[in-house]
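Good morning, and thank you for the time on the agenda.

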Amino acid sequence: MRVAIVGATGAVGREILKVLEARNFPLSELRLYASPRSAGVRLPFRGEELPVEPLPEGFLPADLVLASAGGSLSKALAPTWAEGGALVVDNSSAWRYEPHVPLVVPEVNRQEIFRHQGIIANPNCTTAILAMALWPLHRAFRAKRVIVATYQAASGAGAKGMEELLHETHRYLHGEAPKAEVFAHPLPFNVIPHIDAFQENGYTREEMKVVWETHKIFGDSSLRISATAVRVPTLRAHAEAVSVEFERPVSPEAAREVLAQAPGVEVVDEPLAKRYPMPLTASGKWNVEVGRIRQSLAFENGLDFFVVGDQLLKGAALNAVQIAEEWLKGP
């Protein structure tokens, strides 16, 4: 298996490299590509230092391309890579809404992997983390309405987002006014209810991604979903407060039982012992944490819960590698 990582020096690209090594992904050759300014950088992999190459035009010498280099580049080049015989697993939003391109969270809709036409899309990080907790509950109790408020880390804006948070926090703590280039406003000691561009309906594109992508991954557009996406001054791991109304009667005890059996989910729900999902504990973890599971005070058959997942892992790099792993296993 010849593997190429496009966007290897970015936050997600570097995580893909770590995940491939940690999961002992079967490969015979690994090529790393990035923009010309990153060419010559060397990244560690399995005891070696691999050089980063400038991305060429045309086909790539790979059977699998793990792409994380932005939507415009993927839109332009992914079809060419696929025509050259590679399966492209794309982390950008370029292909997620194309009807012929599968949008996959392996724990939810693994079967879609084998309907690809050369390209498979990785979901938005917020959607992937929500899906991990919502899908097993939806299957068991049939969700009708979902209300989500997100607490999204700086890592959602990539390496530059994390750098800006650290740099501007340092400025703030030294008596200087923090500035904003990556984010709409300074992020240190602030929360910003604005991620991506505002749409005509008053929601941001980030919020609508949760709606569009959950519908596509679940194969169910009847699910009513509303989201508010908020950027918070954490480095890694997105958190989401979720309220769900179900068709069937549900209890916190039954929900915990379902979630405890769900792959990729860790139930962290001992509030009296101060154990609940947090970015601090979920960062660097492959599983998403789910806790604060309680009966809804607003819906008759309802639950409230809190889910946290590492945006760079299950929200991006890990999910992409898992798609490739399942593809190798076959239908």
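Before turning to the sheets, one definition is needed: two strands are taken to pair if DSSP finds at least two bridges between them. Please also bear in mind throughout that this is a predicted model.

With that criterion, an open sheet of 7 strands can be traced in the order β3-β4-β2-β1-β5-β6-β7, and its pairing is mixed. Strands β3 (42-45) and β7 (119-121) form the edges; each has a single partner strand, so one side of each is left without a neighbour in the sheet. From one strand to the next, the twist averages 25°.

UniProt, in an unreviewed entry, lists residues 2-116 as "domain: Semialdehyde dehydrogenase NAD-binding". In the model, the chain over residues 2-116 is 25% helix and 26% strand, with its end C-alpha atoms 19 Å apart.

Which helices lie across this sheet? Helix α1 lies across β1 (2-6), β2 (29-34), β3 and β5 (64-67), and runs at about 25° to β3. Helix α9 lies across β5, β6 and β7, and its direction is about 165° to that of β5.

These two helices also pack on each other. Helix α1 (residues 11-22) and helix α9 (residues 313-329) have axes 9 Å apart, at an angle of about 50°. That angle makes α1 oblique to α9. The crossing of α1 past α9 is right-handed. On the α1 side the contact is made by V12, E15, I16, V19 and L20, which meet L313, A316, A317, L318 and V321 of α9. Sorted by class, this contact has 9 nonpolar residues, no polar residues and 1 charged residue.

I turn now to the other sheet. An open sheet of 6 strands, again with mixed pairing, has the order β9-β8-β10-β13-β12-β11. Its edge strands are β9 (224-231) and β11 (265-267), each of which pairs on one side only. The twist here averages 20° from one strand to the next.

Helix α6 (residues 205-218) lies across β8 and β9, running at about 140° to β9.

Finally, how do α4 and α7 pack, and at what angle do they cross? The axes of α4 and helix α7 (residues 252-261) come within 9 Å and cross at roughly 120°. The two helices are therefore oblique to each other. As α4 passes α7, the crossing is right-handed. The residues that meet are A133, P136, L137, A140 and F141 in α4 and A254, A255, V258 and L259 in α7. By class, that contact divides into 9 nonpolar residues, with no polar and no charged ones.

To close, I would set the two helix contacts side by side: α1 with α9 includes 1 charged residue, whereas α4 with α7 has none.

Terms used
Residues are numbered from 1 along each chain as its sequence is written. This is a predicted model: local features need pLDDT of at least 70, side-chain atom pairs count only at pLDDT 80 or more; totals for chains, interfaces and linings use all residues. Side-chain values use heavy atoms; hydrogens and water are left out. Axes are lines fitted to C-alpha atoms, for helices over the stretch in contact, and angles run from 0 to 180 degrees between N-to-C directions. Helices (H or I, at least four residues) and strands (E, at least two) are DSSP runs, numbered from the N terminus. Angles under 35 degrees count as roughly parallel, over 145 as roughly antiparallel, 65 to 115 as roughly perpendicular and the rest as oblique. A crossing is left-handed if the near helix is turned anticlockwise from the far one by less than a right angle, and right-handed if clockwise. Contact means heavy atoms within 4.5 Å. Ala, Val, Leu, Ile, Met, Phe, Trp, Tyr, Cys and Pro count as nonpolar, Asp, Glu, Lys and Arg as charged, and the others, Gly among them, as polar. UniProt positions are given in the numbering used here, feature names are shortened, and annotations may be inferred rather than shown by experiment.
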